[in-house]
Amino acid sequence: MSASYLTSILIWLPVAGAILVWLLPLSRYATGALAMLFSLAEVGLWIEQAARFDFSRPGLQMEERARWFGDLGVSYHVGVYGFSVWLVGLTVVAMAAATGYGFWVGRDRPRGYFALMLLLTGATVGVFVAQDLVVFYAFFEAMLIPLYVLIGVWGGARRMDATIKFVLYTMAGSLLMLAAIVAYGLQAHTFDLVDGPASGSRWLFLGFMLAFVIKAPLFPFHGWLPDTYREAPPEVTAVLSGVIAKAGLYGMLRIAIPKFPDPASFYRTAVLALAAAALVYGSLLAFRSTDFRGVVAYSSLAQSGLIALGLFAGTDLGFDGAVLQMVAHGLVSTSLFLIAGVVERRTTTGEFRLLGGMARGRPALATLLIAVGVISLAVPGSANFAGEFLILAGVFQRAWWWAAIGAGAIVLAAMYMLRLISAVLHDARGSTVADEALDVRPGELALIAPLVAGLLLLSAWPAAISHHSFFGNSPAATVKGQFK
Amino acid sequence: MLGPDTAWYLVVAAFLFGIGALGVLIRRNPLIVLLSLELMLNGGNLALIAFSRHFHNGAGQIFGLTVMAVAASEVCVGLGLVVAINRKKLPLDVDRLSELRG
Amino acid sequence: MIVASAGNVVVWMVWLVAGFSCLASGVAVISFRNPFFSALALIGNLASLAVMYLLLNAEFVAAAQVLVYAGAVVVMFLFVIAYVGPRREEPWTGGPSWQTLGAVLAAGALLVEIVVAISLDAGHSLGHDGKVGPTFGSPAWIGRLFLVDHLLAFEITSVVLLIAAVGGVILGSHVRRVEPLTSEVAD
Amino acid sequence: MTGGAWLCLLAPLGGTIAILLGGNRLPRVAAGWIATSSVFVAFAGAVWAFIGVRGPQPTCGALGGCFYPPPGELTTAWTWLASGHFSVGLQLLVDPLSTVMMLIVSGVGGLIVLYSIGYMHGDPEERRYFAYIAFFVFSMLLLVEGGNLLMLLVGWGLVGLSSYLLIGFWHERPSAVQAAKKAFVMNAFGDATMALAFFILIAHTGSLSFESAFNVHLSSTTQSLVALGLLGGAAAKSAQIPLQTWLPDAMEGPTPVSALIHAATMVTAGVYLIARTHPIFEQARTVELIAAGIGALTLLVAGLIALVQTDIKRVIAYSTMSQIGYMFLGVGVGAYSSGMFHLMTHAFFKALLFMTAGLAIHALSGEQDIRKMRGLGKLMPFTKWCFLAGALALVGIPPFSGFFSKDSIIASAAALGTWYGWIFWLCGVAGALLTGLYTFRLWFLVFPGEPSAFVQEHHHKEGRFGEGHWTMLVPVGVLAVLATVGGWLQWAPLWHPFTNWLAPAASTLAAAAPTNTQEYYTSAATVIAGLVGIAIAWAIYSEERVKIPYAPFAQRVLENKFYFDALYDRLFYRPAAAIATDLRIDFEEPVILQTGPDLGETTLEAGGMVRRLQTGFLRTYVLFLAFGAAAVVLAFLIAK
């Protein structure tokens with residue numbers, strides 16, 4: 001099996017798995033096990049892909065191209081760059097953990113649930129490896145369907161409003177993107193991303209950017225974030241904030257900036273201002289949220305702002321830092337939301353008023369939450385710190401005040417994350433915290449521990465991503481040269 | 001072509017069509033509405049035949065015949081409806097049959 | 001050219017009679033209170049139309065018109081009217097509500113536009129043209145046309161008729177209430 | 001030599017991981033011994049590195065600047081972070097400065113961890129404590145051995161993290177958790193300022209290694225900005241004036257934590273930072289003098305506040321703040337080696353003071369209020385004498401260690417000579433008086449005289465020697481000896497092996513090298529000031545000859561710690577919280593979250609209007625049909 005088929009297998013294996021899991025009338029346990037099998041197979045395949053990927057060679061690797069609409073110049077064109085290897089890795093690992101959590105929690109209607117999760121995996125991987133605008137759009141939309149059903153059916157009390165708002169926001173953005181894609185494709189006579197020419201049209205750039213800015217929420221467009229993150233089941237929120245949000249940021253990196261260099265530089269200050277606003281606004285609101293998921297939701301809004309800051313800084317450090325931060329934050333917010341799920345399973349609520357004092361008698365939960373919480377607030381030495389440091393150093397070269405705002409946000413991050421840790425673990429025992437509530441079970445630990453292990457490994461060696469995302473010594477030049 | 005040329009036939013057809021439309025618009029008895037509908041169809045038919053004669057192309061007449069077939073089927077269904085309404089003892093008045101509304 | 005004009009005058013005379021009777025019966029159709037008389041007026045209208053078709057060398061269509069249309073359709077009408085019973089209702093009751101006023105306005109506007117369209121076109125495209133071959137309008141000619149050029153239209157019309165027939169049967173038939181299934185048959 | 005450095009660094013980390021993996025299966029005592037042994041292994045590694053570094057002999061010119069081939073070796077494990085041309089390795093630098101700090105951290109640290117075995121005995125979460133304390137020693141060593149600025153910042157952050165974990169160790173107490181959060185946020189602020197300084201360096205030099213940072217020639221404003229950023233971090237970590245409010249609250253943590261973190265090692269990280277990056281500070285001389293100014297100011301303020309404290313640990317905490325003020329003064333004026341020497345001796349006697357206080361608290365089962373502890377000396381003679389040794393070292397009475405190290409700092413302030421030099425000198429001497437006063441106020445209140453009712457009732461013997469478990473007494477004894485003889489290592493005018501040892505890494509500035517005469521009269525002044533302080537304390541607290549001077553306003557100001565806490569709360573915390581809450585209530589919920597549903601409602605209303613068009617009357621539909629047809633024909637006519 002030559003490497004070039006690997007990318008397509010990575011996309012279509014989970015989709016096939018989804019169909020299989022959906023159709024086979026198996027028991028709850030067997031369906032879950034089968035789904036887990038597919039997810040872990042997916043992780044294994046990714047490791048194979050990462051191993052085969054030759055970081056010293058420029059350009060697209062493991063590429064596969066098949067005619068789709070010949071005359072329009074649309075082709076099923078998939079391939080992987082350095083940074084997409086890492087994002088695919090993040091996707092498969094996070095999805096495996098989320099599927100495992102769903103399996104552990106024992107969701108009802110398991111066949112539908114696991115089929116949708118696997119479908120979501122396939123679609124997300126598809127987004128990160130699509131090298132053709134139409135294929136990219138197809139997968140970008142395909143992500144939405146399973147999410148809609150997952151939140152709508154298995155969500156919390158007010159799930160329907162949240163789902164509708166989520167879909168409305170995302171559809172609004174992606175329809176505009178579709179228009180931009182069509183316009184771009186016809187104008188350039190090809191929809192291909194690799195050999196498509198750069199265009200100077202500001203409207204197309206704004207069309208793309210709107211979809212990406214809604215998907216990875218930046219400041220004014222995050223209306224859907226709080227409700228969706230609160231109402232979705234914890235593992236879906238974990239995937240939503242950890243992985244799906246990265247699709248928007250990946251879109252900026254892969255499409256918006258290289259394909260529209262002049263508009264990107266024209267709107268640079270505007271987007272940087274937007275990103276900085278998201279960073280500060282998210283941190284402030286996280287500081288004053290009243291429940292577990294609220295804090296983490298707004299902190300992921302802040303982190304998206306930070307990553308966007310890195311991307312639009314346009315400097316070498318900025319790009320590398322953004323990719324590293326995408327992966328690091330993906331792992332962090334996935335584990336944080338899973339821990340939120342663990343807490344909610346024991347106390348049926350995430351409200352801080354009712355929580356507190358969970359650390360006594362539950363050392364595993366305390367260590368886990370403190371470890372992940374501390375990494376997420378970017379304590380120097382953690383992967384998040386490496387990412388933030390690179391981003392802010394990169395954006396500093398652009399203009400010193402962005403870095404100053406970023407540094408301020410680091411202090412805010414410390415404030416809200418410590419508030420979260422002590423509200424859940426320390427102080428007097430909350431009313432809903434029963435004494436006999438168990439510590440983190442081995443099953444749950446087996447899900448969250450790999451993510452934390454990944455984070456620790458990334459903290460020990462952040463250069464694994466920051467130095468192996470873009471070919472050569474200058475990411476900015478690679479992006480300007482459209483990844484040739 | 002003896003006698004009046006095609007334009008006149010068209011004028012008659014137009015008038016016939018207008019009268020049919022008026023009938024449909026004003027009358028409340030569904031039967032009369034169906035009849036005036038027939039009038040409109042005939043108006044149309046006349047125009048078709050006139051053009052067929054004018055461009056001496058058979059399609060017009062074929063079309064005319066088809067229109068006749070369609071008219072026949074339409075009447076069949078229309079009358080079926082009227083019979084059904086009648087059996088249900090509903091008032092045979094178009095304005096009073098207005099449950100189906102937004 | 002007198003002889004020609006004489007034939008012409010006869011045709012004009014026939015046309016005038018047919019036209020007048022056609023419009024008069026049209027007005028009659030929509031104005032009679034009793035639907036029975038309206039149906040009869042429709043027959044008159046159809047007959048005058050058949051004459052007009054003859055003037056336009058459309059013999060088969062005229063024949064079909066009289067036989068099919070007047071013969072079958074209107075008879076069915078009369079049958080239904082008889083079945084339903086000639087309930088009389090005041091056609092013009094309640095004065096010209098905004099409905100009727102609107103209707104008159106609409107029909108009038110439509111009429112005027114068509115006439116204008118015809119007059120506008122009279123100038124160039126509707127010019128007078130020459131003789132037409134003897135077979136024009138004959139049943140054989142129509143038959144060949146149907147089975148050669150417009151076979152598809154022919155087939156589709158048959159399907160439409162079939163559907164209408166089925167529709168009519170269902171609507172018309174008196175649906176007996178189906179007895180409830182006996183209890184022992186598991187639902 | 002570098003092997004020693006790696007051993008020294010990774011031993012405590014190994015201890016932490018062993019305890020964590022051990023989990024509940026590990027008996028509590030075993031956790032204690034794992035931690036202690038790992039720190040002592042680190043000490044052995046430090047000694048090994050120390051010996052290895054001695055290397056080439058200094059060629060010494062006149063007193064002061066000696067020129068050495070720069071010993072000290074950089075070893076890199078792997079490139080930690082790399083992007084484009086910027087790359088930072090996981091590097092350790094073993095040179096005289098870092099080996100001194102390694103010895104202090106692992107030596108004093110080992111003793112304190114040994115002490116905490118006895119102190120924390122019986123605490124349900126002992127294992128967690130030892131895991132955290134071993135992790136702290138690892139991060140402090142990483143900070144000290146960091147081979148480049150980023151590794152130093154990583155150590156800096158991890159040290160802040162472990163201090164958060166240890167201060168908030170007893171997490172049932174809300175005050176402890178609050179203090180931990182406050183400490184971490186203030187340290188995070190320091191990290192942020194340092195990070196900004198590093199961004200400037202990256203922007204200009206493209207790398208964060210020491211030599212590139214020291215040899216870059218920036219414009220004076222950027223240079224002072226970098227120095228200011230570093231100073232911000234140092235002030236936050238070493239609890240100097242602008243950012244000192246977290247240290248007294250940090251006393252919520254267990255006493256060994258206070259001893260190790262908030263006396264001996266972590267709080268001195270700021271001093272080490274200035275000594276390590278002294279070329280940057282030297283190029284921005286004004287910022288360096290600001291550091292000295294901050295040091296002078298802090299030592300006075302802290303000294304005054306210590307006078308009114310009633311909690312034994314807070315008195316010692318303020319004295320730590322004041323002594324670090326001395327060190328800042330030392331490195332601020334340029335006398336890096338005397339600053340570091342005072343750091344070493346301070347580590348000995350301050351850790352001793354904390355641990356003896358710990359013995360007293362342990363004996364009185366947790367009581368920390370000195371007003372209730374009268375006459376403890378009679379029941380705990382060993383603690384009394386050790387405390388006295390520490391107190392005398394703190395005040396700087398010869399032959400105890402404080403005298404040797406503190407006086408050379410004040411002398412180098414005198415050597416500076418300019419007007420601010422003399423102000424620093426005066427602050428130093430006044431500080432010595434205050435130190436004498438508050439130290440012996442504590443001594444006379446607690447130890448001499450007849451045991452008070454509270455003491456008799458609460459005091460209980462512990463361990464075979466009656467005053468505590470042997471693991472507590474041995475470290476106190478060792479440190480008492482070190483506090484006494486530690487100072488003889490160097491007496492500036494006569495012999496100064498310590499200065500020579502540090503010369504290659506941080507040679508004293510010529511401007512700050514005091515002449516012998518300055519040394520002598522400064523020493524005389526400080527000793528006299530110290531004795532006067534002791535006499536006043538004796539007069540007021542021991543014999544009640546003199547009533548406490550009645551100054552209600554001063555009393556209130558000191559008790560409120562110069563209102564710093566209230567100021568910061570009103571200046572930073574409350575506005576931030578208010579803005580955040582307003583944002584959430586006035587902007588987020590009504591605007592952002594409502595746009596979705598509002599859009600929904602408007603479309604529904606629009607739908608409602610259209611609905612009325614469907615009247616159900618057949619004739620209206622046909623009417624529209626007719627109008628539509630008419631319109632279409634009209635359009636065609638117009639189009640024609």
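**Chain contacts, helix packing and nonpolar cores**

In chain C, 56% of the contacts with a separation of 6 or more are accounted for by residues 24 or more positions apart, two residues being in contact if their C-beta atoms, placed from the backbone, lie within 7 Å. The model is predicted, and local features need pLDDT of at least 70, side-chain atom pairs count only at pLDDT 80 or more, and totals for chains, interfaces and linings use all residues. Residues are numbered from 1 along each chain as its sequence is written, while chains are lettered from A and ligands numbered from 1 in the order in which they are written.

Chain C has 6 helices and 0 strands. Helices (H or I, at least four residues) and strands (E, at least two) are DSSP runs, numbered from the N terminus. The order of the elements in chain C, from the N terminus on, is α-α-α-α-α-α. Of its 187 residues, 24% count as buried. A residue is buried if 20 or more other C-beta atoms lie within 10 Å of its own, exposed if 12 or fewer, and partly exposed in between, with the C-beta atoms placed from the backbone. Chain C is divided into domain 1 (1–88) and domain 2 (138–172), domain bounds being taken from an automatic or database domain assignment. The C-alpha centres of domain 1 of chain C and domain 2 of chain C are 23 Å apart.

Among the 4 pairs of chains that touch, chains B and C have the most contacts. In this pair, 74 residues of chain C are in contact with 64 residues of chain B. On the side of chain C that touches chain B, two or more residues come from each of α1 (2–31), α2 (35–55), α3 (59–84), α4 (98–122), α5 (139–148) and α6 (151–172) of chain C. The largest share of that side, 13 residues, belongs to α3(C). By class, the side of chain C that touches chain B has 54 nonpolar, 17 polar and 3 charged residues, where Ala, Val, Leu, Ile, Met, Phe, Trp, Tyr, Cys and Pro count as nonpolar, Asp, Glu, Lys and Arg as charged, and the others, Gly among them, as polar.

Between chain D and chain B, 10 residues of chain D are in contact with 10 residues of chain B. Helix α25 (residues 618–639) of chain D gives the most to the side of chain D that touches chain B, namely 5 residues. That side of chain D comprises 5 nonpolar, 3 polar and 2 charged residues. Chain A has no contact with chain B, and the closest C-alpha atoms of the two lie 25 Å apart. Chain A and chain C are likewise joined by no contact, with their closest C-alpha atoms 25 Å apart.

Chain D is divided into domain 1 (1–56 + 68–78 + 115–135), domain 2 (349–559) and domain 3 (566–639). A distance of 29 Å separates the C-alpha centres of domain 1 of chain D and domain 2 of chain D. Their contact takes 9 residues from domain 1 of chain D and 11 residues from domain 2 of chain D. The side of domain 1 of chain D that touches domain 2 of chain D has 6 nonpolar, 3 polar and no charged residues.

Two packed helices are described by the angle between their axes and the distance between the axes. Helix α16 (residues 381–395) and helix α18 (residues 419–446) of chain D pack at an angle of about 170 degrees, with their axes 9 Å apart. Axes are lines fitted to C-alpha atoms, for helices over the stretch in contact, and angles run from 0 to 180 degrees between N-to-C directions. α16(D) is therefore roughly antiparallel to α18(D); angles under 35 degrees count as roughly parallel, over 145 as roughly antiparallel, 65 to 115 as roughly perpendicular and the rest as oblique. Residues of α16(D) including Phe387(D) and Leu388(D) meet residues of α18(D) including Thr435(D) and Trp443(D). The contact of α16(D) with α18(D) has 7 nonpolar, 3 polar and no charged residues.

Ala393(D) is placed in helix α16 of chain D. Ala393(D) counts as buried because it has 32 C-beta neighbours inside 10 Å. The C-alpha atoms of Ala393(D) and Thr484(D), 91 residues apart along the chain, are separated by 6.8 Å. In contrast, helix α23 (residues 552–559) of chain D is hardly covered, with 0 buried residues among its 8.

In the largest nonpolar core, of 428 residues, Leu309(A), Ala351(D) and Leu352(D) touch the most other members. A nonpolar core is a set of buried Ala, Val, Leu, Ile, Met, Phe, Trp, Tyr and Cys residues joined through C-beta atoms within 7 Å. Helix α6 (residues 174–205) of chain D gives the largest share of this core, 20 residues. Domain 1 and domain 2 of chain D both give residues to this core, so it lies between them.
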